[in-house]
Amino acid sequence: MKVGLFFGSFNPIHVGHLVIANHMAEHTDLDQVWFVVTPHNPFKKKSTLLDNYQRLEMVYLATKDYSKLKPSDIEFNLTQPNYTINTLVYLQEKFPDHEFALIMGADNLKSFHKWKNYEVILENHHIYVYPRISKNKIETQFDGHEKIHLIDAPIMELSSTFIRKSVKAGKNVQPMLPKHVWKYLDEMNFYK
């Protein structure tokens with residue numbers, strides 16, 4: 001089975017995430033897409049993050065009606081801060097019959113050469129890149145690389161940060177969230 005790993009804090013998961021993941025599952029050779037909920041990104045302030053299990057619950061609620069989309073808490077038990085290479089090694093050992101690929105935005109590909117052991121990742125895994133709005137084409141040292149696939153997915157300019165700020169400001173964000181996620185978020189009074 002070929003699994004695309006979509007990493008993120010998903011704080012909260014929104015319809016943009018679902019559109020991209022579903023596009024990858026339906027329009028590429030990936031059999032499933034796993035939303036890997038990251039416990040703590042070393043580049044983000046931890047104080048803005050909801051609890052790991054609350055974010056995982058939202059991913060579960062968002063994906064439960066989609067057979068090819070799965071929530072994953074695989075990083076919750078790995079040493080923090082964690083690096084993608086460690087997660088990939090762990091997953092390959094745990095699921096030797098699966099082939100794992102990464103899903104990332106074109107903006108992340110630009111800094112991919114700064115990732116820990118990025119050469120090893122590229123040697124052993126394919127990377128599926130979805131477009132982001134950019135004034136110019138995002139040039140990278142990986143243009144034309146055989147393991148990097150630029151996917152013509154819909155461009156989704158929606159961010160969890162925007163949603164959190166809008167909730168705090170009392171705005172209606174319901175159309176931006178999967179129905180079950182909106183209900184959970186509202187009931188729990190998150191981001192207010």
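# Briefing: helix packing, aromatic pairs and backbone details

Phe95 is partly exposed, with a relative accessible area of 23%. Here, buried means under 20% relative accessible area, exposed means over 50%, and partly exposed lies in between (1.4 Å probe, protein chains only). The model is predicted: local features need pLDDT of at least 70, side-chain atom pairs count only at pLDDT 80 or more, and totals for chains, interfaces and linings use all residues. Residues are numbered from 1 along each chain as its sequence is written, and side-chain values use heavy atoms, with hydrogens and water left out. Helices (H or I, at least four residues) and strands (E, at least two) are DSSP runs, numbered from the N terminus.

**Aromatic pairs**

- Rings of Phe, Tyr and Trp (its six-membered ring) pair if their centres lie within 6.5 Å; planes under 30 degrees apart are stacked, over 60 edge-to-face, and the rest tilted.
- The whole structure holds twelve aromatic pairs.
- One of them joins Phe6 and Phe10, edge-to-face, with 5.7 Å from centre to centre and 85 degrees between the planes.
- Both Phe6 and Phe10 are buried.
- Trp34 and Phe95 also pair edge-to-face, at 5.4 Å centre to centre and 75 degrees between the planes.
- This pair links distant parts of the chain, 61 residues apart: Trp34 belongs to strand E2 (residues 32-37), while Phe95 sits in the loop between helix H3 (84-94) and strand E4 (99-105).
- Trp34 is buried, at 10% relative accessible area; Phe95, at 23%, is partly exposed.
- Phe6, Phe10, Phe35 and Tyr130 make up one aromatic cluster.

**Helix H2 against helix H7**

- The axes of H2 (residues 52-63) and H7 (residues 179-188) come within 8 Å and cross at roughly 145 degrees.
- Axes are lines fitted to C-alpha atoms, for helices over the stretch in contact; angles run from 0 to 180 degrees between N-to-C directions.
- H2 brings Gln54, Glu57, Met58, Leu61 and Ala62 to the contact, and H7 brings His180, Val181, Tyr184, Leu185 and Met188.
- By class, this contact of H2 with H7 has seven nonpolar, two polar and one charged residues.
- Nonpolar covers Ala, Val, Leu, Ile, Met, Phe, Trp, Tyr, Cys and Pro; charged covers Asp, Glu, Lys and Arg; the others, Gly among them, are polar.
- Contact means heavy atoms within 4.5 Å.

**Helix H6: two faces**

- Ser160, Ile163, Arg164, Ser166 and Val167 are buried in H6 (residues 160-168).
- They cover an arc of only 165 degrees around the axis, so they lie on the same side of H6.
- That arc is taken over the directions from the helix axis to the C-beta atoms.
- Lys165 and Lys168 are exposed, on the face of H6 turned away from the buried side.
- The cover over the buried residues of H6 includes helix H1 (15-27) and H7.
- Gly170 follows H6, and its phi is positive, near 80 degrees.

**Helix H1**

- H1 has 13 residues and spans 18 Å from its first C-alpha to its last, close to the 18 Å expected at 1.5 Å a residue.
- That expected span is 1.5 Å times one less than the number of residues.
- Its buried residues include Gly16, His17, Leu18, Ile20, Ala21, His23, Met24 and Ala25.

**Backbone points to check in the viewer**

- Asn11 and Pro12 are joined by a cis peptide bond, with omega about 5 degrees; Pro12 lies in the loop between strand E1 (2-8) and H1.
- Gln80 and Pro81 are joined by a cis peptide bond, with omega about -10 degrees; Pro81 lies in the loop between strand E3 (69-72) and H3.
- Asn117 is a residue other than glycine with positive phi, near 55 degrees.
- Asn117 sits in the loop between helix H4 (106-110) and helix H5 (118-124) and is partly exposed, at 36% relative accessible area.
- Tyr191, also not a glycine, has a positive phi near 65 degrees.
- Tyr191 lies in the segment after H7 and is buried, at 13% relative accessible area.

**Surroundings of Ile148**

- Ile148 belongs to strand E6 (residues 148-150) and is buried, at 10% relative accessible area.
- Leaving aside neighbours within four places in sequence, Ile148 is in contact with Leu109, Leu122, Ile127, Val129 and Phe142.
- Trp115 is 33 residues from Ile148 along the chain, and their C-alpha atoms are separated by 15 Å.
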